[in-house]
Amino acid sequence: MRYPFLNLATVNAPYMDQLQEATRRVVASGWYVGGPECQRFEENMATLANVSHCVGVSNGLDALRLIFRGFIEQGRLQPSDKVLVPANTYIASVLAVTDAGLEPVFVEPRLDTLNIDPERVLKAAGDPAVKALLTVHLYGRVAWDERYNALAERLLIVEDVAQAIGAVSRVPGINGTHAAGSLGHAAGFSFYPTKNIGALGDAGCVTTNNPQLARTVRALANYGSFQRYHNEYEGFNCRLDPLQAACINVKLPHTRIENDIRRQLARVYDENIHNQLITKPLFVDSDEMVWHQYVILSPERDRLRDYLTDNGVGTDINYPTPPHRQPCYQRYSHLSLPVATQIAHQCLSLPITRCTSPAAALAISRLLSSFPS
(Lines give C-alpha, C1' and ligand atoms only; values in the text may rest on other atoms or scores of the structure.)
Protein backbone atom coordinates (compact mmCIF):
# COMPACT_ATOMS: atom_id res chain seq x y z
CA MET A 1 0.00 0.00 0.00
CA ARG A 2 1.30 3.44 -0.93
CA TYR A 3 -0.90 4.89 1.83
CA PRO A 4 -1.18 2.19 4.54
CA PHE A 5 -4.08 2.31 6.96
CA LEU A 6 -1.90 1.60 9.98
CA ASN A 7 1.60 0.43 10.85
CA LEU A 8 2.23 0.15 14.58
CA ALA A 9 6.02 0.19 14.17
CA THR A 10 5.68 3.63 12.57
CA VAL A 11 3.27 4.79 15.28
CA ASN A 12 5.67 3.75 18.07
CA ALA A 13 8.89 4.85 16.37
CA PRO A 14 9.10 8.27 18.11
CA TYR A 15 8.94 6.53 21.50
CA MET A 16 11.15 3.53 20.79
CA ASP A 17 14.11 4.47 22.99
CA GLN A 18 11.84 5.32 25.93
CA LEU A 19 9.78 2.16 25.46
CA GLN A 20 12.90 0.02 25.49
CA GLU A 21 14.14 1.75 28.62
CA ALA A 22 10.75 1.33 30.30
CA THR A 23 10.64 -2.41 29.64
CA ARG A 24 14.26 -2.78 30.78
CA ARG A 25 13.39 -0.94 33.99
CA VAL A 26 10.47 -3.27 34.74
CA VAL A 27 12.49 -6.41 34.06
CA ALA A 28 15.32 -5.16 36.29
CA SER A 29 12.94 -4.16 39.08
CA GLY A 30 11.62 -7.63 39.82
CA TRP A 31 8.03 -6.25 40.01
CA TYR A 32 6.15 -8.36 37.45
CA VAL A 33 2.63 -8.03 38.86
CA GLY A 34 1.53 -4.67 40.21
CA GLY A 35 4.21 -2.44 41.63
CA PRO A 36 5.35 1.16 41.09
CA GLU A 37 4.76 1.34 37.32
CA CYS A 38 1.10 0.39 37.77
CA GLN A 39 0.72 2.87 40.61
CA ARG A 40 2.30 5.64 38.55
CA PHE A 41 0.04 4.81 35.62
CA GLU A 42 -3.06 5.05 37.82
CA GLU A 43 -1.95 8.42 39.16
CA ASN A 44 -1.24 9.71 35.65
CA MET A 45 -4.58 8.52 34.28
CA ALA A 46 -6.55 9.91 37.21
CA THR A 47 -4.98 13.28 36.47
CA LEU A 48 -5.62 13.08 32.72
CA ALA A 49 -9.26 12.01 33.20
CA ASN A 50 -9.78 14.51 36.05
CA VAL A 51 -11.05 11.90 38.53
CA SER A 52 -10.08 10.87 42.02
CA HIS A 53 -9.67 7.14 41.33
CA CYS A 54 -8.17 5.00 38.56
CA VAL A 55 -7.75 1.22 38.63
CA GLY A 56 -5.51 -0.35 36.00
CA VAL A 57 -6.93 -3.54 34.49
CA SER A 58 -6.16 -6.06 31.77
CA ASN A 59 -8.08 -4.54 28.83
CA GLY A 60 -10.99 -2.33 27.83
CA LEU A 61 -13.63 -5.06 27.87
CA ASP A 62 -12.61 -6.12 31.36
CA ALA A 63 -12.80 -2.49 32.48
CA LEU A 64 -16.48 -2.36 31.52
CA ARG A 65 -17.18 -5.85 32.88
CA LEU A 66 -15.70 -4.90 36.23
CA ILE A 67 -17.72 -1.69 36.42
CA PHE A 68 -21.05 -3.47 35.89
CA ARG A 69 -20.08 -6.31 38.19
CA GLY A 70 -18.97 -3.75 40.78
CA PHE A 71 -22.35 -2.02 40.70
CA ILE A 72 -24.06 -5.40 41.10
CA GLU A 73 -21.89 -6.26 44.12
CA GLN A 74 -22.85 -2.90 45.62
CA GLY A 75 -26.54 -3.63 45.05
CA ARG A 76 -26.96 -0.69 42.67
CA LEU A 77 -27.78 -3.04 39.78
CA GLN A 78 -29.55 -6.38 39.74
CA PRO A 79 -29.29 -9.17 37.15
CA SER A 80 -31.88 -8.64 34.38
CA ASP A 81 -31.87 -4.85 34.84
CA LYS A 82 -31.88 -3.08 31.47
CA VAL A 83 -28.96 -1.03 30.18
CA LEU A 84 -29.21 1.38 27.24
CA VAL A 85 -26.41 0.80 24.71
CA PRO A 86 -25.68 2.21 21.25
CA ALA A 87 -26.92 -0.05 18.46
CA ASN A 88 -23.79 0.57 16.38
CA THR A 89 -21.01 0.16 18.93
CA TYR A 90 -18.18 -2.38 18.91
CA ILE A 91 -19.45 -5.62 20.39
CA ALA A 92 -17.28 -5.32 23.52
CA SER A 93 -19.67 -2.69 24.86
CA VAL A 94 -22.56 -5.14 24.69
CA LEU A 95 -20.52 -8.12 25.90
CA ALA A 96 -19.80 -6.26 29.13
CA VAL A 97 -23.53 -5.80 29.71
CA THR A 98 -24.62 -9.35 29.01
CA ASP A 99 -21.65 -10.83 30.88
CA ALA A 100 -23.04 -9.22 34.02
CA GLY A 101 -26.46 -10.78 33.44
CA LEU A 102 -27.93 -7.42 32.43
CA GLU A 103 -30.21 -6.85 29.47
CA PRO A 104 -29.03 -4.53 26.68
CA VAL A 105 -31.54 -2.16 25.12
CA PHE A 106 -30.19 -1.07 21.74
CA VAL A 107 -30.63 2.62 21.00
CA GLU A 108 -30.16 3.94 17.49
CA PRO A 109 -27.39 6.46 16.71
CA ARG A 110 -27.53 9.79 14.90
CA LEU A 111 -26.23 9.72 11.34
CA ASP A 112 -24.32 12.99 11.69
CA THR A 113 -22.32 12.06 14.80
CA LEU A 114 -22.58 8.24 14.63
CA ASN A 115 -23.05 8.41 18.40
CA ILE A 116 -26.08 7.29 20.39
CA ASP A 117 -29.06 9.61 19.82
CA PRO A 118 -29.82 11.53 23.05
CA GLU A 119 -33.47 12.01 22.07
CA ARG A 120 -33.90 8.24 21.74
CA VAL A 121 -32.00 7.75 25.01
CA LEU A 122 -34.41 9.99 26.89
CA LYS A 123 -37.39 8.18 25.38
CA ALA A 124 -36.02 4.70 26.15
CA ALA A 125 -35.11 5.77 29.68
CA GLY A 126 -38.82 6.08 30.43
CA ASP A 127 -38.97 2.30 30.87
CA PRO A 128 -38.79 1.74 34.66
CA ALA A 129 -36.75 -1.45 34.07
CA VAL A 130 -33.92 0.65 32.59
CA LYS A 131 -31.34 1.23 35.31
CA ALA A 132 -28.22 2.32 33.42
CA LEU A 133 -26.89 3.97 30.29
CA LEU A 134 -23.64 2.96 28.59
CA THR A 135 -22.64 5.94 26.47
CA VAL A 136 -19.86 5.17 23.98
CA HIS A 137 -17.61 7.96 22.71
CA LEU A 138 -17.42 6.25 19.33
CA TYR A 139 -14.53 6.98 16.98
CA GLY A 140 -13.27 9.58 19.49
CA ARG A 141 -16.33 11.86 19.59
CA VAL A 142 -17.72 12.71 23.03
CA ALA A 143 -21.22 11.26 23.44
CA TRP A 144 -22.63 13.37 26.24
CA ASP A 145 -25.75 15.49 26.45
CA GLU A 146 -26.44 18.08 29.14
CA ARG A 147 -29.76 16.33 29.83
CA TYR A 148 -27.86 13.25 31.00
CA ASN A 149 -27.05 15.09 34.23
CA ALA A 150 -30.70 14.97 35.25
CA LEU A 151 -30.96 11.41 33.95
CA ALA A 152 -28.09 10.42 36.27
CA GLU A 153 -30.30 11.09 39.28
CA ARG A 154 -32.08 7.80 38.56
CA LEU A 155 -29.78 5.94 36.15
CA LEU A 156 -26.17 4.87 36.46
CA ILE A 157 -24.19 6.30 33.56
CA VAL A 158 -21.10 4.43 32.41
CA GLU A 159 -18.76 5.81 29.74
CA ASP A 160 -16.97 3.64 27.19
CA VAL A 161 -13.88 5.76 26.51
CA ALA A 162 -11.96 3.06 24.63
CA GLN A 163 -11.59 5.35 21.59
CA ALA A 164 -11.62 8.80 23.15
CA ILE A 165 -8.70 9.35 25.50
CA GLY A 166 -8.10 13.08 25.89
CA ALA A 167 -11.52 14.07 24.56
CA VAL A 168 -13.38 16.89 26.32
CA SER A 169 -17.12 17.49 26.51
CA ARG A 170 -18.61 20.90 25.65
CA VAL A 171 -20.94 20.58 28.63
CA PRO A 172 -20.01 19.33 32.11
CA GLY A 173 -20.91 15.87 33.34
CA ILE A 174 -22.47 14.87 36.64
CA ASN A 175 -19.30 15.80 38.55
CA GLY A 176 -19.00 19.25 37.00
CA THR A 177 -15.99 18.16 34.94
CA HIS A 178 -15.53 18.00 31.16
CA ALA A 179 -12.93 15.27 30.50
CA ALA A 180 -14.11 12.03 28.94
CA GLY A 181 -13.85 9.47 31.71
CA SER A 182 -15.13 11.87 34.34
CA LEU A 183 -18.59 12.65 32.96
CA GLY A 184 -20.62 9.77 34.41
CA HIS A 185 -20.48 7.49 37.43
CA ALA A 186 -17.61 5.40 36.01
CA ALA A 187 -15.70 4.86 32.78
CA GLY A 188 -13.71 2.17 31.02
CA PHE A 189 -10.61 2.90 28.90
CA SER A 190 -8.72 0.68 26.47
CA PHE A 191 -5.04 0.87 25.56
CA TYR A 192 -5.17 -1.72 22.79
CA PRO A 193 -2.18 -1.05 20.49
CA THR A 194 -4.28 0.62 17.77
CA LYS A 195 -5.76 3.24 20.12
CA ASN A 196 -4.64 6.88 20.11
CA ILE A 197 -2.51 5.97 23.13
CA GLY A 198 -1.75 2.29 22.76
CA ALA A 199 0.17 -0.21 24.85
CA LEU A 200 2.34 -2.96 23.36
CA GLY A 201 -0.40 -5.45 24.13
CA ASP A 202 -3.72 -5.42 25.95
CA ALA A 203 -4.35 -2.98 28.78
CA GLY A 204 -7.18 -0.89 30.20
CA CYS A 205 -8.40 1.00 33.23
CA VAL A 206 -11.46 2.09 35.18
CA THR A 207 -11.90 5.71 36.25
CA THR A 208 -14.42 6.99 38.78
CA ASN A 209 -15.01 9.49 41.56
CA ASN A 210 -16.69 6.79 43.65
CA PRO A 211 -14.15 5.40 46.16
CA GLN A 212 -16.34 2.42 47.03
CA LEU A 213 -16.67 1.40 43.38
CA ALA A 214 -12.93 1.81 42.83
CA ARG A 215 -12.22 -0.42 45.84
CA THR A 216 -14.70 -3.05 44.65
CA VAL A 217 -13.32 -3.02 41.10
CA ARG A 218 -9.77 -3.42 42.39
CA ALA A 219 -10.78 -6.42 44.46
CA LEU A 220 -12.80 -8.00 41.63
CA ALA A 221 -9.81 -7.67 39.31
CA ASN A 222 -7.66 -9.48 41.89
CA TYR A 223 -9.66 -12.69 42.35
CA GLY A 224 -12.25 -10.82 44.41
CA SER A 225 -9.71 -10.22 47.15
CA PHE A 226 -8.82 -7.20 49.26
CA GLN A 227 -6.15 -9.17 51.07
CA ARG A 228 -4.21 -12.30 50.24
CA TYR A 229 -6.13 -15.58 50.60
CA HIS A 230 -9.31 -13.81 51.68
CA ASN A 231 -11.82 -13.52 48.84
CA GLU A 232 -14.85 -11.29 49.32
CA TYR A 233 -16.21 -11.79 45.79
CA GLU A 234 -16.19 -14.39 43.05
CA GLY A 235 -13.67 -12.32 41.18
CA PHE A 236 -11.40 -12.48 38.16
CA ASN A 237 -7.75 -12.14 37.26
CA CYS A 238 -7.88 -8.82 35.38
CA ARG A 239 -4.82 -7.02 36.69
CA LEU A 240 -2.78 -4.57 34.63
CA ASP A 241 0.61 -5.87 33.49
CA PRO A 242 3.39 -3.55 34.76
CA LEU A 243 5.21 -3.87 31.44
CA GLN A 244 2.18 -2.41 29.71
CA ALA A 245 1.77 0.22 32.44
CA ALA A 246 5.37 1.34 31.89
CA CYS A 247 4.85 1.62 28.13
CA ILE A 248 1.64 3.61 28.55
CA ASN A 249 3.41 5.91 31.02
CA VAL A 250 5.88 6.76 28.25
CA LYS A 251 3.11 7.81 25.85
CA LEU A 252 0.49 9.41 28.14
CA PRO A 253 2.26 12.80 28.31
CA HIS A 254 1.97 12.97 24.51
CA THR A 255 -1.80 12.44 24.37
CA ARG A 256 -2.51 15.93 23.07
CA ILE A 257 0.23 15.67 20.44
CA GLU A 258 -1.13 12.35 19.17
CA ASN A 259 -4.69 13.70 19.08
CA ASP A 260 -3.59 16.89 17.32
CA ILE A 261 -1.89 14.85 14.58
CA ARG A 262 -5.20 13.11 13.92
CA ARG A 263 -7.13 16.38 14.09
CA GLN A 264 -4.84 17.91 11.44
CA LEU A 265 -5.47 14.96 9.10
CA ALA A 266 -9.23 15.12 9.73
CA ARG A 267 -9.16 18.81 8.78
CA VAL A 268 -7.42 17.97 5.48
CA TYR A 269 -10.08 15.36 4.70
CA ASP A 270 -12.92 17.67 5.68
CA GLU A 271 -11.68 20.52 3.52
CA ASN A 272 -10.77 18.48 0.45
CA ILE A 273 -13.21 15.59 0.02
CA HIS A 274 -16.00 16.64 -2.32
CA ASN A 275 -18.16 13.86 -3.70
CA GLN A 276 -21.95 13.42 -3.58
CA LEU A 277 -21.47 9.70 -2.99
CA ILE A 278 -19.55 10.36 0.23
CA THR A 279 -20.85 11.71 3.55
CA LYS A 280 -18.07 13.08 5.72
CA PRO A 281 -18.21 12.93 9.53
CA LEU A 282 -19.33 16.06 11.32
CA PHE A 283 -16.14 18.06 11.78
CA VAL A 284 -15.36 19.82 15.05
CA ASP A 285 -12.00 21.52 15.46
CA SER A 286 -11.82 21.03 19.21
CA ASP A 287 -11.04 18.42 21.87
CA GLU A 288 -14.64 17.25 21.67
CA MET A 289 -13.40 14.88 18.93
CA VAL A 290 -10.00 13.14 19.00
CA TRP A 291 -10.44 11.24 15.73
CA HIS A 292 -9.65 7.68 16.69
CA GLN A 293 -11.18 6.91 13.31
CA TYR A 294 -12.19 9.09 10.37
CA VAL A 295 -15.32 7.32 9.16
CA ILE A 296 -17.09 8.25 5.94
CA LEU A 297 -20.40 6.85 4.72
CA SER A 298 -21.17 5.85 1.16
CA PRO A 299 -23.95 3.79 -0.46
CA GLU A 300 -21.16 2.56 -2.76
CA ARG A 301 -18.89 1.56 0.14
CA ASP A 302 -17.62 -1.74 -1.24
CA ARG A 303 -16.92 -0.35 -4.70
CA LEU A 304 -15.29 2.68 -3.11
CA ARG A 305 -13.07 0.49 -0.97
CA ASP A 306 -11.96 -1.53 -4.00
CA TYR A 307 -11.22 1.73 -5.83
CA LEU A 308 -9.04 2.96 -2.98
CA THR A 309 -7.25 -0.38 -2.71
CA ASP A 310 -6.48 -0.28 -6.43
CA ASN A 311 -4.99 3.16 -5.86
CA GLY A 312 -2.80 2.08 -2.94
CA VAL A 313 -4.94 3.35 -0.07
CA GLY A 314 -5.48 1.11 2.95
CA THR A 315 -8.88 1.29 4.65
CA ASP A 316 -10.86 -0.54 7.31
CA ILE A 317 -14.52 -1.10 8.15
CA ASN A 318 -15.52 -0.24 11.72
CA TYR A 319 -17.85 -2.16 11.98
CA PRO A 320 -19.37 -4.34 9.21
CA THR A 321 -21.91 -6.12 11.44
CA PRO A 322 -23.85 -4.43 14.25
CA PRO A 323 -23.99 -6.30 17.58
CA HIS A 324 -27.62 -7.38 17.26
CA ARG A 325 -26.75 -9.24 14.05
CA GLN A 326 -23.76 -11.12 15.47
CA PRO A 327 -24.15 -14.92 15.74
CA CYS A 328 -23.68 -14.83 19.52
CA TYR A 329 -26.68 -12.49 19.82
CA GLN A 330 -29.20 -14.30 17.66
CA ARG A 331 -31.82 -13.56 20.31
CA TYR A 332 -31.70 -9.91 19.18
CA SER A 333 -31.57 -10.55 15.43
CA HIS A 334 -35.29 -9.80 15.05
CA LEU A 335 -34.81 -6.19 16.10
CA SER A 336 -35.34 -3.49 13.50
CA LEU A 337 -32.48 -1.01 13.81
CA PRO A 338 -32.30 0.62 10.39
CA VAL A 339 -29.88 3.44 11.25
CA ALA A 340 -27.29 1.09 12.78
CA THR A 341 -27.75 -1.28 9.84
CA GLN A 342 -27.27 1.54 7.33
CA ILE A 343 -24.06 2.64 9.04
CA ALA A 344 -22.72 -0.93 9.04
CA HIS A 345 -23.39 -1.21 5.29
CA GLN A 346 -21.92 2.20 4.39
CA CYS A 347 -19.08 2.99 6.81
CA LEU A 348 -15.45 3.13 5.73
CA SER A 349 -12.48 4.24 7.83
CA LEU A 350 -9.67 6.24 6.22
CA PRO A 351 -6.02 6.38 7.36
CA ILE A 352 -5.62 8.84 10.25
CA THR A 353 -2.48 8.05 12.25
CA ARG A 354 1.21 8.96 12.25
CA CYS A 355 1.46 6.65 9.22
CA THR A 356 -0.29 9.30 7.13
CA SER A 357 1.17 12.72 6.35
CA PRO A 358 -0.99 15.76 5.55
CA ALA A 359 0.25 15.48 1.95
CA ALA A 360 -0.91 11.86 1.85
CA ALA A 361 -4.29 12.84 3.31
CA LEU A 362 -4.62 15.45 0.56
CA ALA A 363 -3.80 12.87 -2.11
CA ILE A 364 -6.35 10.46 -0.63
CA SER A 365 -8.92 13.27 -0.55
CA ARG A 366 -8.38 13.93 -4.24
CA LEU A 367 -8.82 10.26 -5.03
CA LEU A 368 -12.09 10.23 -3.10
CA SER A 369 -13.29 13.37 -4.85
CA SER A 370 -12.57 11.69 -8.19
CA PHE A 371 -14.43 8.49 -7.33
CA PRO A 372 -16.83 7.97 -10.25
CA SER A 373 -20.56 7.51 -9.83
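**Cavities, contacts and backbone features of the predicted model**

The largest cavity is lined by Asn88, Thr89, Tyr139, Asn318, Tyr319, Thr321, Pro322, Pro323, Ala340, Ile343 and Ala344. Its volume is about 60 Å³. In total, three cavities of 30 Å³ or more are present. A cavity is a set of points, on a 1 Å grid over the protein atoms alone, where a 1.4 Å probe fits but cannot get out. Lining residues have an atom within 4 Å of a point. Grid points are joined across faces, edges and corners, and a volume is the space filled by probe spheres set on the points.

The model is predicted: local features need pLDDT of at least 70 and side-chain atom pairs count only at pLDDT 80 or more, while totals for chains, interfaces and linings use all residues. Residues are numbered from 1 along each chain as its sequence is written, and side-chain values use heavy atoms, with hydrogens and water left out.

The largest pocket has a volume of about 620 Å³. A pocket is an open set of grid points with protein on both sides within 12 Å along at least five of seven lines. The lining of the largest pocket comprises 33 residues. Nearest its centre lie Tyr90, Tyr192, Thr194, Lys195 and Tyr319. Two or more lining residues come from each of α4 (60-73), α5 (91-99) and β6 (186-190). Helices (H or I, at least four residues) and strands (E, at least two) are DSSP runs, numbered from the N terminus.

Tyr319 is named in the lining of the largest cavity and also among the residues nearest the centre of the largest pocket. Tyr319 sits in the loop between α11 (301-310) and α12 (338-346). The peptide bond leading from Asn318 to Tyr319 is cis, with omega near 15°.

Two further backbone features are positive phi values. Asn50 is not a glycine, yet its phi is positive, at about 60°. Asn50 belongs to the loop between α3 and β1 (53-57). With 42% relative accessibility, Asn50 is partly exposed. Leu114, also a residue other than glycine, has a positive phi near 65°. Leu114 occupies the loop between β3 (103-107) and α6 (118-124). Its relative accessibility is 6%, so Leu114 counts as buried. Buried means under 20% relative accessible area, exposed over 50%, and partly exposed in between (1.4 Å probe, protein chains only).

Salt bridges number 20. The criterion is a side-chain nitrogen of Lys or Arg within 4 Å of a carboxyl oxygen of Asp or Glu. Asp287 pairs with Arg256, and their closest N and O atoms are 2.6 Å apart. Asp287 lies in the loop between α10 (255-272) and β10 (294-297) and Arg256 in helix α10, so this pair ties together parts that are 31 residues apart in sequence. Asp287 also forms a salt bridge with Arg263, with closest N and O atoms 3.1 Å apart. This second pair links distant parts of the chain, 24 residues apart, with Arg263 in helix α10. Asp287 and Arg263 are both buried. Through shared partners, salt bridges join Arg256, Asp260, Arg263 and Asp287 into one network. Arg301 and Asp302 form a further salt bridge, the closest N and O atoms being 2.7 Å apart. Arg301 is buried, at 7% relative accessibility.

A disulfide is a pair of cysteine sulfur atoms within 2.5 Å. The closest cysteine sulfur to that of Cys247 is in Cys38, 11 Å away, so the two are too far apart for a bond. Cys247 is buried, with a relative accessible area of 2%. For Cys355, the closest cysteine sulfur is in Cys247, at 18 Å, again too far for a bond. Cys355 is also buried, at 18% relative accessibility.

Val33 is in the loop between α2 (16-29) and α3 (36-49).

Leu48 lies in helix α3 and is partly exposed at 27% relative accessibility. Leu48 and Pro253 are 205 residues apart along the chain, with C-alpha atoms separated by 9.0 Å.
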